[in-house]
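Here is a friendly briefing to read with the model open beside you.

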Amino acid sequence: MRKAAFVALLAMGAAQVAEAARPACIEPGDMRTLIAVALPDAIEGLAERCATALPPDAFLPNEGAALAARYRHEAPTDPARARHAIEAATGQDLSSFASDDTVTNLARTFIGQQITNHVSIRDCG
């Protein structure tokens with residue numbers, strides 16, 4: 001019985017730690033910033049990942065880079081605002097980690113890599 005109570009106490013503590021680590025809801029402005037930061041790299045990552053699975057005349061492999069460039073150009077993001085949005089989404093204080101530009105560039109790289117690594121080729125068609 002003591003062992004069960006101890007395990008339950010540990011589980012409650014772990015739940016509280018997990019709850020404390022969970023970031024708060026993301027404000028709409030921060031979400032727009034995250035999308036503006038991530039969308040061009042998401043398009044490029046998807047175009048790269050799906051290039052071999054799509055027909056030669058498909059839009060994404062042929063026009064994906066231009067679409068990503070257009071989004072990147074039309075929705076420039078302030079690096080400080082982007083860092084703030086990334087911190088809001090992750091629940092992490094990154095102010096002492098690196099500059100705003102570095103944090104934003106790492107997030108962009110991460111987004112593209114995640115798509116490349118986790119989108120199944122069979123989901124491309």
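The expected span of a helix is 1.5 Å times one less than its number of residues. Helices (H or I, at least four residues) and strands (E, at least two) are DSSP runs, numbered from the N terminus.

This is a predicted model, where local features need pLDDT of at least 70 and side-chain atom pairs count only at pLDDT 80 or more, while totals for chains, interfaces and linings use all residues. Residues are numbered from 1 along each chain as its sequence is written, and side-chain values use heavy atoms, with hydrogens and water left out.

**Helix H4 and its surroundings**

- Ala82, Arg83, Ala85, Ile86 and Glu87 are buried in H4; buried means under 20% relative accessible area, exposed means over 50%, and partly exposed lies in between (1.4 Å probe, protein chains only).
- These buried residues of H4 pack against H2 and H5, where contact means heavy atoms within 4.5 Å.
- Glu87 counts as buried because its relative accessibility is 14%.
- Not counting residues up to four places away in sequence, Glu87 touches Gln92, Asp93, Leu94 and Ser95.
- Just after H4, Gly91 takes a positive phi of about 75°.

**Helix H5**

- H5 covers residues 100-118, and its 19 residues reach 27 Å from the first C-alpha to the last, close to the 27 Å expected.
- Which residues of H5 are buried? They are Val103, Thr104, Ala107, Gly112 and Ile115.
- These residues sit on the same side of H5 because they cover an arc of only 165° around the axis; the arc is that of the directions from the helix axis to the C-beta atoms.
- Helix H2 (28-50) and helix H4 (79-90) are among what covers the buried residues of H5.

**The largest pocket**

- The largest pocket has a volume of about 230 Å³.
- Among its 13 lining residues, Ile86, Thr90, Ala107, Phe110 and Ile111 are the closest to the centre.
- A pocket is found on a 1 Å grid over the protein atoms alone, as an open set of points where a 1.4 Å probe fits, with protein on both sides within 12 Å along at least five of seven lines; lining residues have an atom within 4 Å of a point.
- Grid points are joined across faces, edges and corners, and the volume is the space filled by probe spheres set on the points.
- H2, H4 and H5 each supply at least two lining residues, and H5 gives the most, with five.
- The lining has 12 nonpolar, one polar and no charged residues. Here Ala, Val, Leu, Ile, Met, Phe, Trp, Tyr, Cys and Pro count as nonpolar, Asp, Glu, Lys and Arg as charged, and the others, Gly among them, as polar.

**Two partly exposed residues**

- Val119 lies in the segment after H5 and counts as partly exposed, at 22% relative accessibility.
- The C-alpha atoms of Val119 and Gly45 are separated by 9.4 Å, although the two are 74 residues apart along the chain.
- Leaving aside neighbours within four places in sequence, Val119 is in contact with Leu46, Arg49, Gln114 and Cys124.
- Ala69 is found in helix H3 (residues 59-74) and is partly exposed, at 40% relative accessibility.

**The whole chain**

- The protein chain has five helices and zero strands.
- Buried residues make up 25% of its 125 residues.
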